[in-house]
Amino acid sequence: MANFFEKKINGYSCNFDLLNETVKDQAGASNYYAWVKNRYKTYFDNADAVTRSKFYIRYHRAKKLLYSSAQMLMEAKCSLENECVVGFYYLIYYALFQAMQANLILCIEYDDNRVLQLSHYNVKNYFDEQFCKNQKCPLDDEIVTLIEALRIYREYYSYAMPFNLSNKAIVDIIIVEKYIRLCFQLFNLHTFIIWQEISRGTFMFDSLHERELKNYFDASCNRLECTSLTDDADINVWKEFKKYNGGEILPLLISYDHDFDEFGTYDRDVYHTMKIPRTQNIISKALAFIYDAIH
């Protein structure tokens, strides 16, 4: 098996098998790596302190979406096993949607506010623009066709469940999983490039604009219309960002151990209140999927 992209990462055992399939040879992988590196370098060389601080927040949000994507994929499989058709179409769509969304958040072509407003339409079109139609990127447009089909199926089965399943809405979950894995590998590659090539990924906290940064962090992480953070993992990230006067954008492979500790760690009381069995079976499968996709 060719390991074109693996050769670009020094000292770490990464898995880029699906990304390798998108390039013809080592030169293709090297050219893409160099192109991404130069784009990030130019961007950060010209970015002010606020922009760099916000990009660290963007990275945190994007990484959370990847973990959400993995859990939704596992829950989609669970829905299939239990004949939960509506749940399956909903979850399988969002599993791919969030994996694509995570990569777009790291796209420097879109400013800090725009990546907070990545609608269904925008994700499809921006991903097509950045990763499919872009001649520098080796991805094809099948993923864009797939996400649009899944969106239609999700709406069809969510808004008015039909009496009978339609043969027009058959989903090959193996294909969907392949593209989700590809998104994980793409994210891991880009974060490796930032970490290895851009000041080892360190992004200082701009204390002069703390209020603006906190508002941006809240907007990035809160989805419950709350005025304070609702996830203890987010609270920890914000505290550490301030305490250590900065944060490090780590490759997904390297951040995995810390993320593992934060995922499903602080919510035992919520499970108890909602009378949900605390087996963490789905979370374990999601973490295993992530590890297998990138290692």
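A: Let's start with the labels: helices (H or I, at least four residues) and strands (E, at least two) are DSSP runs, numbered from the N terminus. This is a predicted model, in which local features need pLDDT of at least 70 and side-chain atom pairs count only at pLDDT 80 or more, while totals for chains, interfaces and linings use all residues. Residues are numbered from 1 along each chain as its sequence is written, and side-chain values use heavy atoms, with hydrogens and water left out.

Q: Where is Lys275, then?

A: Look at the loop between α11 (268-274) and α12 (281-294), where Lys275 sits. Phi is worth a glance here. Most residues other than glycine have a negative phi. Lys275 has a positive one, near 60°, although this residue is not glycine. Asn245 is another non-glycine residue with a positive phi, near 55°. Asn245 belongs to the loop between α9 (232-243) and β2 (246-248).

Q: Is Lys275 buried or exposed?

A: We use relative accessible area: buried means under 20%, exposed over 50%, and partly exposed in between (1.4 Å probe, protein chains only). Lys275 counts as exposed because its relative accessibility is 73%. Asn245, at 35%, is partly exposed.

Q: How many cavities of 30 Å³ or more does a search of the whole structure find?

A: Here is the idea. Rolling a probe the size of a water molecule over the atoms shows where empty space is left. On a 1 Å grid over the protein atoms alone, a cavity is a set of points where a 1.4 Å probe fits but cannot get out; a pocket is an open set with protein on both sides within 12 Å along at least five of seven lines; lining residues have an atom within 4 Å of a point. Grid points are joined across faces, edges and corners, and a volume is the space filled by probe spheres set on the points. In this model the search of the whole structure finds one cavity of 30 Å³ or more. The largest cavity holds about 60 Å³ of space.

Q: Which residues line the largest cavity?

A: Its lining is made of Tyr32, Trp35, Arg39, Tyr40, Asn103, Leu106, Cys107, Gln130, Phe131, Cys137 and His190. Both α2 (26-45) and α5 (120-132) supply at least two of the lining residues, and α2 gives the most, with four. By type, the lining has seven nonpolar, three polar and one charged residue (Ala, Val, Leu, Ile, Met, Phe, Trp, Tyr, Cys and Pro count as nonpolar, Asp, Glu, Lys and Arg as charged, and the others, Gly among them, as polar).

Q: What is the volume of the second largest pocket?

A: The second largest pocket has about 280 Å³. Among its 15 lining residues, those closest to the centre are Thr22, Gln135, Lys136, Cys137 and Pro138. Helix α2 gives the most to this lining too, with four residues.

Q: What does Asn103 touch?

A: A contact means heavy atoms within 4.5 Å. Not counting residues up to four places away in sequence, Asn103 touches Phe127, Phe131, Cys183, Leu186 and Phe187. This residue lies in helix α4 (residues 85-105) and is buried, with a relative accessible area of 2%. A polar contact is a pair of N or O atoms within 3.5 Å; within protein, one must be able to donate a hydrogen and the other to accept it, and residues adjacent in sequence count only if both atoms are side-chain atoms. A polar atom of the Asn103 side chain lies 3.1 Å from the backbone oxygen of Ala99, and such an atom is also 3.1 Å from the backbone oxygen of Cys183.

Q: How many disulfides are there by this rule?

A: A disulfide is a covalent bond between the sulfur atoms of two cysteines. The rule asks for a pair of cysteine sulfur atoms within 2.5 Å, and here the count is zero. Cys183 is in no disulfide either, as the nearest cysteine sulfur, that of Cys132, is 9.3 Å away. Cys84 is partly exposed at 39%, whereas Cys183 is buried at 2%.

Q: Where is Ser69 found?

A: Find helix α3 (residues 49-81), which holds Ser69. At 0% relative accessibility, Ser69 counts as buried. Leaving aside neighbours within four places in sequence, Ser69 is in contact with Ala95, Gln98, Ala99, Ile180 and Phe184.
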